[in-house]
Amino acid sequence: IEYVAVARGTVVLVSHQETGAHFDYLVEDVLRDIPTGAEFKTTRPRGGFTFHLLVGGDLVFVCATSPDASLHVAFQCLAQVKERFLLGSLPVRAQVAEQHELDRDFGSVAAEIMSRCNEGQTGDQISALNRQVEDVKGIMAQNIEKVVERGDRLDSLLEKTQDLEQAGTAFRATAKKVNRHMCLRNARMTIIIGVIVVGVITLIVLFATGVIKT
């Protein structure tokens with residue numbers, strides 16, 4: 001896109017261009033053939049350029065491109081110019097403004113829009129980028145929720161692990177006590193059995209030797 005303008009009839013109210021071509025002369029010639037008062041868009045070739053026009057009532061939004069430029073990008077650019085121009089008091093002033101009277105008010109805006117369109121950032125692409133940003137934000141929010149949930153689960157598992165460790169410690173202590181008790185019990189039983197066996201053997205020996213007479 002090499003030229004952007006807003007006109008009322010054949011009066012160019014504001015324009016911006018990147019090259020030194022005489023676009024005002026060409027666009028005035030194009031505008032003579034364009035009826036106003038309706039809503040439509042059209043394209044006209046002039047002077048080796050293609051002029052794209054978005055007509056809205058008495059106002060005409062114009063841009064000039066090379067013949068092989070994208071028609072879609074051109075009209076996306078004009079739609080953005082129209083949207084920005086219709087904000088505020090400019091539409092009212094445009095009804096009585098003279099040639100290039102609104103350059104100071106809207107020229108920089110037109111330049112910004114044209115530059116953005118030439119860089120490939122049309123309205124559709126900006127919307128797509130915004131949607132991608134929103135999608136990424138949504139995914140990040142879900143990931144954060146999962147991390148928080150996972151953190152809660154980890155805390156719960158940690159608490160359960162600590163409980164199990166405490167239970168294991170108590171079990172080991174109890175097992176040691178039971179084992180010690182069983183060992184003492186077995187020792188007592190062994191001693192008692194040993195005493196009984198020794199007593200029986202002693203009695204048998206005494207009877208056999210006649211120490212104890214029946």
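**Note on the cysteines, the sheet and its helices**

1. At 0% relative accessibility, C63 counts as buried (buried is under 20% relative accessible area, exposed over 50%, partly exposed in between, with a 1.4 Å probe and protein chains only). C183 has 45%, so partly exposed is its class.

2. This is a predicted model: local features need pLDDT of at least 70, side-chain atom pairs count only at pLDDT 80 or more, and totals for chains, interfaces and linings use all residues. Residues are numbered from 1 along each chain as its sequence is written, and side-chain values use heavy atoms, leaving out hydrogens and water.

3. How many disulfides are there? The count is 0 (a disulfide is a pair of cysteine sulfur atoms within 2.5 Å). The closest cysteine sulfur to that of C63 is in C77, and at 5.6 Å it is too far for a bond.

4. C77 is also among the buried residues of helix α2, including F75, L78 and V81. Helices (H or I, at least four residues) and strands (E, at least two) are DSSP runs, numbered from the N terminus.

5. Now the sheet. It is open, with 5 strands in the order β2-β1-β5-β4-β3 and antiparallel pairing (two strands pair if DSSP finds at least two bridges between them). β2 (11-17) and β3 (38-46) are the edge strands, each pairing on one side only.

6. Look at β1 (residues 3-8). It runs antiparallel to β2, and 6 bridges join the two.
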